[in-house]
Number of protein chains: 2
Amino acid sequence: MTSALRTPRDDAGLPWSPEELERRLRAVGAAHYHNRHPFNQRMHEGELSRAELQLWVANRYCYQQAIPIKDAAILSNCPEQDVRRAWIQRIIDHDGRAGSEGGLEAWLHLAEAMGVARDVVVSGTRVLPGVRFAVDAYVQFCRTQPWLEAVAASLTELFAPTIVSERLSAILTHYQWIEPAGLEYFRTRLTQAPRDADYALALVLERCVTREWQDRALAALNFKCDVLWSLLDAVERGAVPDDAR
Amino acid sequence: MTSALRTPRDDAGLPWSPEELERRLRAVGAAHYHNRHPFNQRMHEGELSRAELQLWVANRYCYQQAIPIKDAAILSNCPEQDVRRAWIQRIIDHDGRAGSEGGLEAWLHLAEAMGVARDVVVSGTRVLPGVRFAVDAYVQFCRTQPWLEAVAASLTELFAPTIVSERLSAILTHYQWIEPAGLEYFRTRLTQAPRDADYALALVLERCVTREWQDRALAALNFKCDVLWSLLDAVERGAVPDDAR
């Protein structure tokens, strides 16, 4: 990954228009989003073994379980009631409510469909150190940085629909041993992610009107891409048996 | 306030039964809850001036607006999905959702009924330093301490129904210049507070089974009583004109 886009300093620090900021945010995704990671590309091309997919699904749960935690941190750092009223829906979507299970439960169904028992996933015993560090870095970022930067970090969801629909189709095509009923998580995210991303993008474009804040938003999104990329790095290395390294 | 109840060391550090822990938690409230504060007693006896009530309602909003913030901090610190699913209702109750206003809005109606414009309340210009420090201390406590201690701190709600019903009746009796329609906040809390307190108490009694954690729970509740007491101290002093001090 290059850092060419991280601190653009090519126009004397003047603020960009919202359109230019959006273009630059989308360029971060085009360059750094984890759909370009070799492990993800192998997943989508049908080249992963059952063991690799199982390691991935158990490790990715570490990230999933942190989502309501980091969203609550954003809520806790945000003094604006209107923003909190919108943002809280993300926590409900992941944790669920009485009578409707949320995204965490759906991920456990996916893991079961991939042959990993929910107890194993929930216990975290298969979580690799690099995955834990990346996830912890994200949670700490959302706890300690201004809430608007954490909102900008969430903008990886702008790029989620593509990866999610590719993943759905790859699994249905290449990994037919996975029970299709277990794929509900992805189907739900196809509608939730765009709704969430649209709201977050509008907020970032509306609020980040100085160049300093625009740079912060871009840096936050780069950081978040690093988190997701690093997670796949760890799973990719973790999936190689020790004697093959 | 005495500190006699704060670190009971009269039985060699053995854990108490849940019944004994509950008795001790309730004893903290009986000794230290802010219903015993002179300013609160004057309020309930009908002795406060309009200016004193207005200062109180504007300052107490500083505490009210911190409630969803501190509850989101508890959510963010809590790795247990079931607890989060229950606790999130508190945030919704205060922030409201589309189509149903929450406790913050109800407090602004109360302030308006007491003759303080909502803009003045929201701006925070009338908030006294001692009030802000006490509220900030509470938010920091919930951000930095284990979530179960923050849950224990919330147990002042065990004692809320008495103070709230006394306050309702005092306002209706002694301060008839206050529009009764503005009292909805108190009416709503009469049902919400017991529900919240019952859940939190059950959690504390179930989880605090070592003496160390029982001491922590008692200390947290004492701390929270100090927060509420200190808030009234500041309002009481703030309401005295400078030349009368």
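A pocket is an open set of grid points, in each of which a 1.4 Å probe fits, with protein on both sides within 12 Å along at least five of seven lines. In the predicted model described here, the second largest pocket has a volume of about 310 Å³. Its lining consists of 17 residues, and those nearest the centre are A:Tyr61, A:Gln65, A:Val121, A:Val122 and B:Pro79. At least two lining residues of the second largest pocket come from each of helix 3 (50-77), helix 5 (103-113) and helix 6 (118-123) of chain A, and from helix 4 (81-95) of chain B. Helix 3 of chain A contributes the most to this lining, namely five residues. By class, the lining of the second largest pocket comprises ten nonpolar, four polar and three charged residues.

Chain A supplies helix 4 (81-95) to the lining of the largest pocket, while chain B supplies helix 3 (50-77), helix 5 (103-113), helix 6 (118-123) and helix 7 (129-144), each with at least two residues. Helix 7 of chain B provides the largest share of this lining, with six residues. Twelve nonpolar, six polar and nine charged residues make up the lining of the largest pocket.

The arrangement of the two chains was examined next. In general, two copies of a chain are related by a rotation about an axis and a shift along it.

In soluble globular proteins, nonpolar side chains tend to be buried together. The largest nonpolar core of the model contains 170 residues, and the members that touch the most others are A:Trp56, A:Phe186, A:Val204, B:Trp56, B:Phe186 and B:Val204. When residues up to four places away in sequence are not counted, A:Phe186 touches A:Trp56, A:Trp107, A:Leu110, A:Val164, A:Arg167, A:Leu168 and A:Ile171.

How values were computed. Residues numbered from 1 in each chain as written. Chains lettered and ligands numbered in written order. Predicted model: local features only at pLDDT ≥ 70, side-chain atom pairs only at ≥ 80, totals over all residues. Heavy atoms only, no water. Helix = DSSP H or I, 4+ residues; strand = E, 2+ residues; numbered from the N terminus. Nonpolar A, V, L, I, M, F, W, Y, C, P; charged D, E, K, R; others polar. 1 Å grid on protein atoms, 1.4 Å probe; cavity = no way out; pocket = protein on both sides within 12 Å on 5 of 7 lines; lining within 4 Å. Points joined across faces, edges and corners; volume = space filled by probe spheres on them. Core = buried A, V, L, I, M, F, W, Y, C linked by side-chain atoms within 4.5 Å. Buried < 20%, exposed > 50% of the residue type's maximum accessible area, 1.4 Å probe, protein only. Contact = heavy atoms within 4.5 Å.
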